Amino acid sequence: MRRASTLASSVLSRTLSSTLHDCSGLSTTSVATINHRFLHAALFSTTTSTGSSNTRRIFNPLVVAGALVSAAAAASLSQEVLAKEPPPAQLVPKEVVLYQYEACPFCNKVKAYLDYYDIPYKVVEVNPISKKEIKWSDYKKVPILLVDGEQLVDSSAIIDKLGNKIHGKEIVDSASDKEDDEEKKWRRWVDNHLVHVLSPNIYRNTSEALESFDYITSNGNFSFTERITVKYAGAAAMYFVSKNLKKKYNITDERAALYEAVETWMDALNGQEFLGGSKPNLADLAVFGVLRPIRYLRSGRDMVEQTRIGDWYTRMENAVGESSRMKA
């Protein structure tokens with residue numbers, strides 16, 4: 001019995017350390033504090049807790065939902081939305097490979113960009129414990145994007161650098177300074193604010209935490225032992241993580257904070273179809289990317305029902321269209 005619990009402790013410790021650190025930028029010290037304070041409770045009781053992030057970004061394991069394509073909506077006479085914005089064929093990279101965790105919001109942000117610009121890409125699901133899939137890289141976080149052999153890291157930097165590759169310089173420079181500043185402002189808002197209200201919502205109670213981890217363990221790259229351990233102990237641990245995050249970011253009501261954030265985004269649109277006007281810009285894609293994983297969770301359903309974001313989200317689904325991910 002002691003040997004089994006020791007194995008479970010090791011698996012959960014490495015899993016939480018990897019997922020919290022790799023997709024968020026958490027320091028090693030912070031991750032160690034999380035494991036030290038809360039791992040024992042996670043494994044030996046029905047409740048547990050873990051520490052909070054001390055950096056700009058946090059990892060939010062979320063349930064991913066596929067983009068829903070509606071040809072009728074895309075062709076509607078009431079709005080002119082281009083379903084895809086493919087770059088010139090000669091500028092499309094020959095090989096794009098995304099190393100990811102399926103539920104990572106920052107990985108989903110990169111995928112929203114690739115899907116919208118119709119750039120074919122392969123996906124390598126990284127095991128958060130062994131990380132054997134990225135042992136070749138000195139960078140030990142996700143997402144990592146290989147573009148014709150060149151390594152790009154950090155979701156926002158990936159999008160910027162890839163954009164420079166697939167668009168001519170004249171396209172990048174054609175936007176006005178005001179539009180560019182507005183776009184950058186809201187992209188920073190996604191990374192610095194919006195992602196911070198997601199975890200307290202998807203782990204708001206034990207049932208919602210288990211809902212999230214059920215997806216993570218079903219779709220992530222885990223062994224059978226890891227899957228069982230992480231599903232239950234991880235869900236319990238992250239339930240208490242969310243409570244600490246509420247304190248860190250001064251959140252008293254999780255849902256209210258989520259609704260306020262998306263309403264702030266809707267106000268920024270100022271009646272436009274997208275922040276980019278008649279078609280999405282990088283800020284639209286960033287918001288859509290990080291929200292897409294939670295859309296069909298309870299928190300995402302509540303968000304659509306209780307705020308004005310539903311129509312914009314549907315327009316984004318239509319604009320982004322089907323995934324350009326290549327089948328294995």
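**View 1. Contacts of Asn127 in the predicted model.** Beyond its neighbours within four places in sequence, Asn127 is in contact with Glu133, Asn221, Phe222 and Glu226. The model shown here and in the other views is predicted. Asn127 sits in the loop that links strand S2 (122–125) and strand S3 (144–147). Asn127 is buried, at a relative accessible area of 8%. One of its contacts is Asn221. Along the chain, Asn127 and Asn221 are 94 residues apart, yet 4.8 Å separates their C-alpha atoms.

**View 2. Helix H11, residues 254–269.** H11 has 16 residues. From first C-alpha to last, H11 reaches 23 Å, close to the 22 Å expected at 1.5 Å a residue. Its buried residues include Leu258, Tyr259, Val262, Trp265, Met266 and Leu269. Glu254 and Arg255 are also among the buried residues of H11.

**View 3. The two ends of H11.** At the start of H11, Asp253 points a side-chain oxygen to within 3.1 Å of the backbone nitrogen of Arg255. Just after H11 comes Asn270, with a positive phi of about 55°.

**View 4. Packing of H11 and helix H12 (residues 282–291).** The two axes come within 12 Å and cross at roughly 160°. Angles over 145 degrees count as roughly antiparallel, and H11 and H12 are therefore roughly antiparallel to each other. Their crossing is left-handed. H11 contributes Val262, Trp265 and Leu269 to the contact, and H12 contributes Ala283, Asp284, Val287 and Leu291. Val262, Trp265 and Leu269 are also listed among the buried residues of H11.

Terms used. Residues are numbered from 1 along each chain as its sequence is written. This is a predicted model: local features need pLDDT of at least 70, side-chain atom pairs count only at pLDDT 80 or more; totals for chains, interfaces and linings use all residues. Side-chain values use heavy atoms; hydrogens and water are left out. Helices (H or I, at least four residues) and strands (E, at least two) are DSSP runs, numbered from the N terminus. The expected span of a helix is 1.5 Å times one less than its number of residues. Buried means under 20% relative accessible area, exposed over 50%, partly exposed in between (1.4 Å probe, protein chains only). A polar contact is a pair of N or O atoms within 3.5 Å; within protein, one must be able to donate a hydrogen and the other to accept it, and residues adjacent in sequence count only if both atoms are side-chain atoms. Axes are lines fitted to C-alpha atoms, for helices over the stretch in contact, and angles run from 0 to 180 degrees between N-to-C directions. Angles under 35 degrees count as roughly parallel, over 145 as roughly antiparallel, 65 to 115 as roughly perpendicular and the rest as oblique. A crossing is left-handed if the near helix is turned anticlockwise from the far one by less than a right angle, and right-handed if clockwise. Contact means heavy atoms within 4.5 Å.
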